[in-house]
Amino acid sequence: MRICGIQGISVIDFPGRIASVVFLGGCNFRCPFCHNPELVLRAESQPDISLDDALRTVERRRGLVDGVVVTGGEPLINGEGLFALLRMLRESGLAVKLDTNGYEIDTLRDVLETGLVDYVAMDVKTSLERYWAAAGRALDAGRIRDAIAAISGSGIDHEFRTTCVPGLVELDDVRSIATLLGRNERYILQQFRATSVVVDPAYASVKPHMADTLRSFADAVRPFIGSVSLRGV
């Protein structure tokens with residue numbers, strides 16, 4: 001496992017908390033719109049922070065933060081290394097949030113069962129029928145369905161979120177996702193922001209959906225979902 005960076009203080013990454021953010025390198029997806037290509041494609045070229053140093057960095061901010069977000073890349077690909085990190089963070093007394101794409105379903109289930117996280121945010125890329133395009137690879141979409149079910153039934157506070165990338169996420173996709181999630185879930189539609197640094201350079205020039213379009217997406221799925229909100233609009 002490679003800990004590639006730590007953001008000292010964030011007020012937006014952990015709902016209801018001020019948190020530090022720990023970035024892990026490597027990912028099992030190749031989402032073309034991903035804005036962290038260094039973590040996804042070139043993790044070995046990034047810093048490699050030890051567990052002890054990471055914990056010391058987080059603990060130095062104990063007076064300012066009350067939570068830690070573990071993100072990536074994709075944390076679940078790290079197996080036992082991830083568990084070691086989560087245990088150390090849990091022992092520090094801080095609340096822990098996990099960001100994941102959910103695809104490593106066995107590791108996800110183990111994390112949920114251990115009680116090492118207080119909050120889980122799963123990125124649902126698009127409708128299951130088109131998941132391969134948004135994930136940038138061939139995959140078993142049934143594992144996405146299983147991950148959603150595992151998180152939904154875990155009893156752990158959570159959210160599902162979709163970055164609304166034009167061409168990959170349209171109204172029919174959002175409807176399909178909301179129906180899959182069900183009436184009891186919290187669903188967040190995130191605005192896509194084109195940047196000059198993405199996994200697929202073609203997405204650097206993609207224009208985001210208009211704000212009114214995202215609002216119409218949210219209005220359309222409200223009958224199918226517990227709650228829906230917009231982020232970045």
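**Close-up views of a predicted model**

**View 1. Strand 6 and its two neighbours.** Strand 6 and strand 7 run parallel and are joined by five bridges. The model shown here and in the other views is a predicted one. Within this pairing, Arg-161 has Ile-188 of strand 7 as its bridge partner. Strand 6 also pairs with strand 5 (residues 119–123); these two run parallel as well, and five bridges join them. Here Val-120 stands opposite His-158 of strand 6. Of the eight residues of strand 6, seven are buried, so the strand is largely enclosed by the rest of the structure.

**View 2. The largest pocket.** The volume of the largest pocket is about 1000 Å³. Its lining is formed by 40 residues, and those closest to the centre are His-35, Asp-123, Arg-161, Thr-163 and Gln-190. Two or more lining residues come from each of strand 1 (3–10), strand 2 (19–24), strand 4 (95–100), strand 6 (157–164) and strand 7 (186–191). Strand 6 provides the largest share, with four residues. Sorted by class, the lining holds 15 polar, 14 nonpolar and 11 charged residues.

**View 3. Strand 2 between two partners.** Strand 2 is mostly covered, as five of its six residues are buried. Strand 1 and strand 2 run antiparallel and are joined by five bridges. In this pair, Gln-7 stands opposite Val-21 of strand 2. Strand 2 also pairs with strand 3 (residues 67–71), in the parallel sense and over five bridges. Val-21 takes part here too, with Val-69 of strand 3 as its bridge partner. In a regular strand, side chains alternate between the two faces of the sheet.

**View 4. The surroundings of Ser-10.** Ser-10 is a residue of strand 1. Its relative accessibility is 4%, and because this lies under the 20% cut-off, Ser-10 counts as buried. Leaving aside residues up to four places away in sequence, Ser-10 touches Arg-17, Ile-18, Ala-19 and Val-21. Ser-10 and Val-68 are 58 residues apart along the chain, while their C-alpha atoms are separated by 9.3 Å.

**View 5. The buried face of helix 7.** Which residues of helix 7 are buried? They are Asp-173, Val-174, Ile-177, Ala-178 and Leu-181. Seen down the axis of helix 7, these buried residues fall within an arc of 130 degrees, so they line one face of the helix. The elements covering them include helix 6 (142–152), strand 6, strand 7 and helix 8. After helix 7 comes Gly-182, which has a positive phi near 100 degrees.

**View 6. The buried face of helix 8.** In helix 8 (residues 211–221), the buried residues are Leu-214, Phe-217, Ala-218, Ala-220 and Val-221. When the helix is seen down its axis, they fall within an arc of 165 degrees and therefore line one face of helix 8. The buried residues of helix 8 pack against strand 6, strand 7, helix 7 (171–181) and strand 8 (227–231).

Key
Residues numbered from 1 in each chain as written. Predicted model: local features only at pLDDT ≥ 70, side-chain atom pairs only at ≥ 80, totals over all residues. Heavy atoms only, no water. 1 Å grid on protein atoms, 1.4 Å probe; cavity = no way out; pocket = protein on both sides within 12 Å on 5 of 7 lines; lining within 4 Å. Points joined across faces, edges and corners; volume = space filled by probe spheres on them. Nonpolar A, V, L, I, M, F, W, Y, C, P; charged D, E, K, R; others polar. Buried < 20%, exposed > 50% of the residue type's maximum accessible area, 1.4 Å probe, protein only. Pairing = 2+ DSSP bridges. Arc of directions from axis to C-beta. Contact = heavy atoms within 4.5 Å.
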